[in-house]
Amino acid sequence: MKTDELREKYLEFFVSKGHRRVASDVLVPTWDPSVLFTPAGMNQFKDHFLGKVKLEFTRATSCQKCLRTGDIENVGRTAYHHTFFEMLGNFSFGDYFKREAINWAWEFLTDRKWLGIAPARLSVTVYKDDDEAAGIWAKDIGLSADRIERCGEDENFWPASAPSQGPDGVCGPCSEIYYHPDQGKSVEIWNLVFTQFNRVGDPPNNLRPLPSKNIDTGMGLERTAATLQGAPTNYHIDILFPIVQAAADVCGVKYELDSENGRRCRRITDHIRACTFAVHENVYPGANKEKYVVKRLLRRAVLDGRQMGMREPFLYKLVPAVVEAMKKPYPELAETARRVAGVIEKEEANFFGTIDAGLNRIERVFDELHRDNRTRVEGTVAAELYQTFGVPPELFESLAAEHNLAFDWEGYAHAMEEHGEASGKVQHTVMGAKGPIDSLKHALHSTEFLGYETTEADAVVKGIVTGEAPHDHLVDHLDALNRSQPVRVVLDRTPFYGESGGQVGDVGQLVGDGVQFDVVDAQRDGALVIHYGHLRTGRLREGMKIRAVVDARRRAGIRRAHSATHILHHALQKRLGSHAQQQGSKVDDDWLRFDFTNLSPVEPSQLSAIAADVAARVAAGEPIKWQTLPLAEARQQGAMMLFGEKYPDPVRMVSMGAFSKELCGGTHLDNTSEVEAFEILSEEGVSAGTRRIVALTGKKAMQHRQQIQAELAGVAQRLGVEPLDVPAAVEALVEKRRELKRALESGTKPSPAPATKPSPARPAEASSERMKAALAEAARRLSVAPLGVADRVDAMLAEIASLAERLAQRDAAGPLSADALLENARQQGDVTVVLAELPGAEPGLMRQLIDQIRQKAPLSAVLLATRQGEDKVTIVAGVSKKLQDRGISAGKWIAPVAKTVGGGGGGRADLAQAGGKDPARLAEALQVAEREMAAMIGA
């Protein structure tokens, strides 16, 4: 049986038993902070199991994309381990229980209409105390006692060992079904979990029956397919073996099941499939969390390729093989195949650039450890390898294990913390954790949201929560005694938008019957809207009627920014390509931040075109509408579906004219013209392959536009040019400063400034976009923010005036040369001593003159000084090699001289530099220099 056929048969079977067929959740469930990747089919149904949502169905079946890294070292080495896999499952939320779950599992496995496995090839396990499940297997199914094995809590309980070791929360026994082939070990193909208890505290008597019992089963698709196809490993089934063969072909090796290269090809197959799905969902290789996992998998696969002779990127060539193998259940992979391959190729290239040096360093580490009879790789060394060569610590640990060396994870974590880098390890939370908000979820299920139609509404207080977790609790009333006390309020209905989908929560007030509660934030927790704030007056009581009033002015600004975000998204895809998809966003009061996929910075000309596109859509005044419709219908109408995003069904589709359709639960305008104005503040990178645009709308955009124009006009006035000529004038200013500094440092004359070309005729009134571009270009040349150009120009004009003044002082003092200084030298014994004040000289010029004098006078000591303004002195001293041989040091010579002018400093024996704060005593300091050198020479 083909794998695609198995997947469909399973889902079809459970649909025939009254189950709702539910699509796979995303691989990276950003809505669930307890996991980085979806680890099992039940993950998307957590709130269903816990009764936190209103149930639209009580039976479900799915085929879920999963990714786990706990057994990564076994991938490719064993027959059945994967990181990425598909999990078939059927679920009951307080509906059927053990009898139906067991009978249906047996029917699906053995009935010829479905899988038709010979019953004699199957056996089962049950939890040691689960007489109910054992009885059903024996009486309903007819299994003999020798085919029903009772196991302990470490094998047949979920979570494993929960009764004795915890954690507290929902748990239950399980029953596993095993297939016995003619040869080899038996294979577990299905696990039936009976969640019937709530664990509370330590044993005994700590398993309390749940009022509503649930079913959660999981059948590994690849493992069952291997069983049905008689394949020696999961990697030899019809959807994976073509990728294995492609990996062998790309790496130029012959695939052999039991060879080391065979294991490498299987590991590459697993990792490239996992990474193809992850990058498809816009999870790019990076330093933290799920991005780190993708980076780690790719780099492990690159190492496998290198060990087979690969020296340049090759994994990206396997993406088409993955897309082809998975095209039936996941046709959307084809839409992003080119982007996915590009991201993978770039990460490969980065690692290939450092891998040789990294592996050489690792080999030296291993040699040193063996030589010194040490058995553990120090964590500090692993941190250095990761930071310098990009070698993931897990990869280092694998290589160390091959040399029988342990790995210092604690030391690695400490070293990385010192460098401010977070671990990429997954954190898990316990399903079933209780708190006051969870209690309200059980009672209310949801808050009715009225904010699409109004910003004010009457409501009833359903819950008041004081304190912070884990010390928070529900109260039936609250008095305004402690106005600073943080409070959370839940209503039956509300116009307040709870933060989600990138849109910030509303603020405002809850008022009524002498009560004023200031809402400072609104958040969503499941389907509840939580109002955060402070009670200012009166007594707030559970059950009281209040008036919920949103800050309408702020909400209007948020609506402008959110609608502008959709217009910006369309403009980005138009100018950059369909790959420029949203990676994240934040929408606030006339302010927005939009992250999107793009491998390189957006060119200034492209950014201007994007801004112009948005402005054109705003000016066009196109209608904005929204409707709730089935997900399939929204897809049919061409609504943009963001890869990796989880959508409800039905969905809310927001349309703007005929150019944009997005699935969005946020609040929007009625017409694009209501955005009023749009200004891009910045475009920058936030991580590999992800760019960020920050922009303003409405009055904030208009104010920013006015600031830009005022800034440009001010700079133009300072420089005596037209506003659009500011970039050229700034460049001339930079060049003038550079030339003056060069002249001062070299002792030469500054080159004349190039003639300025006359500006072409321009319209009397420059457009705001051209003025913005002119200021942006000037800012780029000065390496400052656009609104910092005027201050930087003022500073440069002051610096140029100072440089010019010093140059004039230098020229007034006459020509500077080593010969001129030697003419005024003093002889102290056989030593030529040069002491001089050089007005306007730079330290670099003084060092050059000292070098020239030492070449002309092999037995010489030189000390030169210059005043820099009214409160600074710079002194440079040098002695020739022959004087150094006599023990005379420039550093020792300069110290008392600097002290005379209120400073200090020192340096090497041959050359030293010091500073001072009292230019008035410079003449005295030169006398000190003469006396000190005479004493040092002994003259």
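Which residues does S660 touch, not counting residues up to four places away in sequence? The legends below answer this and other points. This is a predicted model, in which local features need pLDDT of at least 70, side-chain atom pairs count only at pLDDT 80 or more, and totals for chains, interfaces and linings use all residues. Residues are numbered from 1 along each chain as its sequence is written, and side-chain values use heavy atoms, with hydrogens and water left out.

**View 1. S660 and its contacts.** S660 touches H566, V654 and S655, residues up to four places away in sequence not being counted. Contact means heavy atoms within 4.5 Å. S660 belongs to strand β27 (residues 660-663). Helices (H or I, at least four residues) and strands (E, at least two) are DSSP runs, numbered from the N terminus. S660 counts as buried because its relative accessibility is 6%. Buried means under 20% relative accessible area, exposed over 50%, and partly exposed in between (1.4 Å probe, protein chains only).

**View 2. The whole chain.** The chain holds 27 helices and 35 strands. Its C-alpha trace spans about 120 × 75 × 60 Å along the principal axes. Of the 939 residues, 51% are buried. Among contacts with a separation of 6 or more, 68% join residues 24 or more positions apart.

View 3. The structure holds 27 aromatic pairs. Rings of Phe, Tyr and Trp (its six-membered ring) pair if their centres lie within 6.5 Å; planes under 30 degrees apart count as stacked, over 60 as edge-to-face and the rest as tilted. F14 and W190 pair edge-to-face, 6.3 Å centre to centre, with 85° between the planes. This pair links distant parts of the chain: F14 lies in helix α1 (residues 3-15) and W190 in strand β8 (residues 187-199), 176 residues apart. F14 and W190 are both buried. F97 and F194 also form an edge-to-face pair, with centres 6.0 Å apart and 65° between the planes. F97 sits in the loop between β3 (84-93) and α3 (98-110), F194 in strand β8, 97 residues away. Both of these residues, F97 and F194, are buried. One aromatic cluster is formed by Y10, F13, F14, F108, W114 and W190.

**View 4. Arginines over rings.** R617 places its charged end over the ring of F659, 4.2 Å from the ring centre. The charged end of R652 sits over the ring of Y452, at 3.6 Å from its centre. A charge sits over a ring if NZ of Lys or CZ of Arg is within 6 Å of the ring centre and within 35 degrees of the ring normal.

**View 5. Helix α15 and its cover.** In helix α15 (residues 436-444), the buried residues are P436, I437, D438, L440 and K441. Their cover includes β13 (456-466), β14 (473-475), β16 (487-491), β19 (515-525) and β20 (528-537). Just after α15, H445 has a positive phi of about 70°.

**View 6. L883 in helix α25.** L883 is found in helix α25 (residues 881-885). Its relative accessible area is 0%, so L883 is buried. Leaving aside neighbours within four places in sequence, L883 contacts V831, L859, S860, A861 and I888. The C-alpha atom of L883 is 68 Å from that of S585, 298 residues apart along the chain.
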